[in-house]
Structure formats: C-alpha cells, structure tokens
Amino acid sequence: MSGGVDSAVAAARAHDAGHDVTGVHLALARNPQTYRTGARGCCTLEDSRDARRAADVIGIPFYVWDMADQFHESVVDDFVAEYAAGRTPNPCLRCNEKIKFEAVLDRAVALGFDAVVTGHHARLGADGLLRRSVDHAKDQSYVLAVLTGDQLSRAVFPLGDSTKAQVRDEAAARGLAVADKPDSHDICFIADGDTKGFLQRKLGEAPGDIVDGRTGEKLGTHDGAYAYTVGQRKGLDLRVPAPDGRPRYVLSITPVTNTVTVGPREDLEVDVVTATRPIWHGAETPVECDVQLRAHGEVVPAVVTVADGTLTARLLSPARGVAAGQAIVAYRRDPAAGDIVLGSATITEGTASEALRPSAPAAPSASAPSASASASASASALSASAPSASPSRDDLAVRAGGSVAVAVGASGDDRG
Amino acid sequence: MAYLDHAATTPMLAEALEAYVAAAREVGNPSSLHAAGRHARRLVEESRERIAAALGARPSEVVFTSGGTESDNLATKGIFWARRSASLNHNRVVASAVEHHAVMDAVEWLGTHEGAQISWLPVDSGGRVDPSAVAAVIDQYADEIAVISVQWANNEVGTLQPVHELAALAAAAGIPFHTDAVQAVGQVPVDFTASGAAAMTVTGHKVGGPVGVGALLLGRDVACTPLLHGGGQERDVRSGTLDTAGVVAFATAVETTVKSQVEYAARVGALRDDLVARVRAAVPDVICNGMTGDRLPGNAHFSFPGCEGDALLLLLDAAGIYCSTGSACSAGVAQPSHVLIAMGADDDRARSSLRFTLGHTSTTADIDALVAALPGAVERARRATAWKTPR
C-alpha cells in the first residue's frame, strides 16, 4: 500500500471479498528523505502514515517491508545503467517485474500468503489473461505486461473494472482519507523531478557532439547524451539553422561515440521494431495485432513474430520516437472485455524498411562526410528518450512506492 | 490473544485505573490558590510522597514529567548544561552503548549541537557494562565529565547493570550519575538513595500506570537546567500544569508494583524460565540473548537463526501472539538493534531477534499459545529469508 487511493481501495475490495489481507508498504529508501517529499510522491513518511491509516480503516494488519536494497539494485541502478547505454528504461515496469511481483511476491508466498494484490488499473480474469482497464486513460497493462504467467497467477488486480473516478468515489464512501490524494506522476526516486540533473549527478558530465543525421555535419555540442529525448525539438541550442529552415528533432543517441543525431521529422519514422527478452503468452506468431511502444502511447497495428528470443514487429503504419529500452507490448483487440496482452519485450531497435524510406536522401554535395554514414543514421532510430519529456511520463503514475496489498486465501496455511 | 510485550507497555492496574478516573472527575489545577486547586495539589503531593516512599527518595526529589523520554532528556541535557555552566571543562558525557534511544539520541544531540565530547561505554556479550571500564574512563577524564548515564535494566535484552558500583565510582569522582530505571521499577528492587545515583528515570505505563506521566528522581543537590520553561511548577526544573489524575494513578501503580515486587518476580520469573525452556525445545537452534542471572524476571530474548525478526513478528501477530523485535524504527523499517550489535552480534543475528516480555497479566496459557505457533512461524520465516537471495 503506497499511501495512495488505488492500493487502499484494492486492499479494501480484497478484504471485502473474504480474503485474509495484510497491508504492506514498501520502504524503498533507507532514508525516506532521499526520495520524493510531499504529498504527491511515494516513499515518504507521510505516505507510509497514509497507508497505515487506510489499513486501520479497512481493518487489516499493516507492515512496512524494507525493500531498499533490492529496489536500489534492480530499479535505480538499472535505470542509470540503461541511460548510460543509450536506452530509455521504464523504472515502473522494472519495479513490477523485480520488486512487487518478485521480491515481494516471493517473500509473501514463503510466509504463507497466496497472492499479491495491487492497485494497478488492469484486468486479470479467471482465464489468466491480462487485459486493459476499463479506464483507458489510467490503464497500466503496459507496465504489467512484463510479468510472466507464473507471476500473473499470483497477482490480483481488483480495480480493472473501475474507472479512476469510481475508485475515488468508493474511497470516499469507505471513509478512506486518501480519496482525493493527487496522483503521482514522476519517478519516485528522483526527489525533485529533475531526471536530467539526477542522471548528471550519477553519470557526470559527458560532452559530445550533436550531428546532422543526413550530412554527418557537426552542429553543436551537448553535456551528456542521456539528457536528450528521441523526438525532442526544443532545447537543442543549435547555432547552425537547417538549410531548409525546418525544425530538427533528435533522431538517435549513440553511446559509443557519445553522439546525438538530429534531423527532420520524417526521419524519426520507423516501421520495424525489434525487441529482446520476450514474455509471450502463447499466441501463435506471426500474429496480426496492435502494439504499444511506450506507456500511454498510441497503439499501432502490426504483424508480430516471436522467434529465437527476439520479438519483431512489422508496423502497418509507421511510428515515431521509438526508444530502445522501452517495452513493446502486443495486444489483441477485444473491445468488449478489454484488449488482451499477448506479450511484451524490450525494444532494442526501431528501423525504417526499404518501403518506408526507399533510399537514403542524397547528401547535398559530393564533399559531404559520407553518404553511407548518413544513410545508416537516418535509417536507424535507435533512441533514448527521457521520460520527463516523452509521452511515457504518465506511465510513471504507477506508484513505485509500493501499492501492494498481500491477500491470504483461506487455504493459505497449507501453502508450500 | 497472548500479549507478550509488557516491556512496550503493560495493562493498567485496576486500582490505578480507578484512581485515575476518580481524580479525573474532579476539577482543579494544583497551582491554583483556591480550594479546588488546593485539593488537586494535595492529591499531587500525596502521590509524590507515595512514589518517594516506594522508591527510596525524598518527596522533594520527585520531579513529575511526561514520561521516560522527557526524564531521560532532562537528566542528560539538563545536568550536562548545568555542569558545563559551572565549569567549561565539564564538556563530556559518558553513557553505555546499550541505552534506550531516549538517552542515546539525547547524548548524540549534545555532541552534535552542544559540542559535547562523548564516551560510549562498551558492554560484554551479555550486555553488561564492566565497572572497570567506567573507572578507566573516569580516571582518564575525571575533570571533563559532566554526567554519566547507565540504565538500570536494558529494555531489549533485560540485562541488569551494576548500577550501585557505577554510581559509587561516579560519586567518588564527584560526577552526577543518571540511571534510566524505566524497565526496572516493580521488576527488581529499586531504591534511589541506596543506589547512589544523582538522578533516576521512572515512568507510569511500564508499571501499570497511565501513559504520559513519569518522573525524574533528582537528588536535592543536583543542579539541572530545565528543558521546558514556564510556570516552574516542579522545583523550577520542569514547567507545565501537573497532570493530577495521571500523577495519582502513577503513584498508585508504583506503590502497588513495588509492594508486590518480590512475589511478582518469583511468579513471572518462573513463567519466563518456562517460556525459555519451551522455546528452546521447540526451536533447538535458538540463541538466547542477554544474561542468565542478572536480568529482568519478565524478559526473554532470542535470535532465531535464518529468520528475520520482522517476518516472525508478522506471522506471530497473525496467530494472535504479540511480541517485539525490540529494535528502533524509522518509517517502520527495522534497523538492526544497537543493543545486540553492541553485544557483539552480527547484523543477521541482530535482525533475527525477537523479544518476549511477561507482566502482571501473563499466564501459562500465553506461553502455550506461543509454543504452539512458533515452530510453524519459524519454518515459514526461514523460507522467506531466501527471498533476499539474488537469483
């Protein structure tokens, strides 16, 4: 229980359903002040008190579990390392994968609990299929799609059939003081919300070049490639205007050379996405489905193939701003019962097929550095985007502070 | 329900509760001059006399406070300030490494904010301060020490300190000696004057009185600078309207428990020995922490190898058995006990510990319930420890 409204109502519903529920708040930092302070974040003493108070009102036991070491190792260090490698991690997804449905779940099961209940907005029915929430704006199936079938079999999401507004109303009706507590939006372990500054402190300044994707020409310098976002237009601070006067966008970040590549908007487009570490729930591939390439991003129709540890999606309409490190989640449309998660994987690369970009644009002059370099740069939109500036920001509403309630079934005592 | 956490707080005695309610029905500020005030004053002064008589102090040496934490802060900071005002040389505080946080953090604060030097006294594996270590510190720093503070009995592992010897060493060097006797009163014989201490902390809710009232027994000739300024109600050392009903109930509880201490210690000590024996039988590799002899009669303290105390507590709680990990919390996250660490335990052993404390309502049925639930809880807690193992 994070101290927010979702986990409080989830715990209350699990309790109402007759489960023997114990509230658990995750302490993710040894020193709570290290992380976000104020009512909008997680991990603070205030949030811990709010969670405890909600548990009191519901009438369930409440404990704080110290997950600081695991969280730091699996989520924070991973977050920094991914940025250093030129990728864009989703820390909420990692927290679900490694903390809530691994460290917490394993501990809970060992202690005799049957399942972990969270306040995530997603549906998980008796068929074991993970589906989108009825509240599309709040749907969190994207950050849960990383869970394996084993993990899902011990997960309970009681809120998937409700909108956020309904959850708030219910909290108020139940007398839970957190009913109108604001949603959290930022990364819980970056106290001031300044992702760039956080990465700068962790990774240090690393000046490098900003180059034109088509000509290879150096247009400016940067203090650290991790501060740039694929698709970013503002703040490039380029002294040299584009020859055609059109705005330029960040196309890619190349950690090996510490280069930020920029170019015109159309060069952001990709129609083939490859991804690694697939979690696939058994649908035969190739399969025609929708894919989502970032949290709360648009879905794109695609043909997805999973083979040899790689997921490949051929997009039927191109996407922009596809960032390595983000998840690709495949959904089968089901407007009636909620789109079904077929599987997910971690994006390694987005590329433009020959059909999308038949030939690399010619360099303006024969003396341009190299046509092949520009071709490869424009064709590969492998990218890193900073959550603070990307549409994935909303996803961070997932409360990394530990929206976890543990439910014990009646048979809990006999569990191995 | 088996309540095995009497050291945290113990149920109020029926006579203390009755005394509280009777006094709370009446109006009157003990500082008021009219008849209602005089009546309240009389209740307070009678209570002061009863506490003094029960604890071997003079009535004027009883300074009522809000409880143990305030008394510990008042003694350590107040005596330090007064002594340093008298001589700037007196800039050192000596305290044991196993003090309650109310002493330990107050002393740390003196170091951080008042520039005090601090000497922490080590303890042996049973948690006991060696008087020769105190003698050595006094030899080395005799002219610098403002105050020495060593608890009468440890709140976690129940170890009794050689308070009389330590107080005598301090007195011989002219240094005020404070002892936190919160856990000791009613459990073992406690006599303030005979102890030789200059100041002693006691509190209501550990002896069957109410929470929120306690006292610092402060020798008449011991200078102490107040923490709280105001009306100067208590010897000008402590200000604040006296809690008449709380004080009356506190006095009733102290008097009652001290009167029955010998009988209590025999009964509860036997229960405790039974608890230890049966826990050992149920969990053969359990480690008993603390002393076998010099310890509080109601205290049993164990480390359960391979378990986290937190996990055990959760499981026992679910089975209706209430105990404590005995460690300090920050945001509810257990830190390994500084007491066990000072006794030489490693982090794992410290984190695997649980405290069971018996009191005036304890019965064999409580121990039966514990022993029935414990083996299963230990088994599960051991499985849960594996969750930390990296995959």
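The expected span of a helix is taken as 1.5 Å times one less than its number of residues. With that in mind, and remembering that this is a predicted model, select helix H9 of chain B, residues 261–282, whose 22 residues reach 30 Å from the first C-alpha to the last, close to the 32 Å expected.

Next, show the side chains of B:Val268, B:Leu271, B:Arg272, B:Leu275 and B:Val279, which are the buried residues of H9(B). They cover an arc of only 105 degrees around the axis, which puts them on the same side of H9(B). An α-helix has 3.6 residues a turn, so residues three or four places apart point the same way. Turn to the other side of H9(B) to find exposed residues, namely B:Val262, B:Glu263, B:Ala266, B:Ala270, B:Ala277 and B:Ala281.

Now colour chain B by its two domains, domain 1 (2–8 + 261–388) and domain 2 (15–259). Their contact takes 23 residues from domain 1 of chain B and 25 residues from domain 2 of chain B. On the side of domain 1 that touches domain 2, H9, E10 and helix H11 (338–342) of chain B each supply at least two residues, and the largest share, three residues, comes from H9(B).

Finally, move to chain A and select strand E1 (residues 20–27), which is largely enclosed by the rest of the structure because seven of its eight residues are buried. E1(A) pairs in the parallel sense with strand E2 (residues 62–66) of chain A over five bridges, and the bridge partner of A:Val24 in E2(A) is A:Tyr63.

How values were computed:
Residues are numbered from 1 along each chain as its sequence is written. Chains are lettered from A and ligands numbered from 1 in the order in which they are written. This is a predicted model: local features need pLDDT of at least 70, side-chain atom pairs count only at pLDDT 80 or more; totals for chains, interfaces and linings use all residues. Helices (H or I, at least four residues) and strands (E, at least two) are DSSP runs, numbered from the N terminus. A residue is buried if 20 or more other C-beta atoms lie within 10 Å of its own, exposed if 12 or fewer, and partly exposed in between; C-beta atoms are placed from the backbone. The arc is that of the directions from the helix axis to the C-beta atoms. Two strands pair if DSSP finds at least two bridges between them. Domain bounds come from an automatic or database domain assignment. Two residues are in contact if their C-beta atoms, placed from the backbone, lie within 7 Å.
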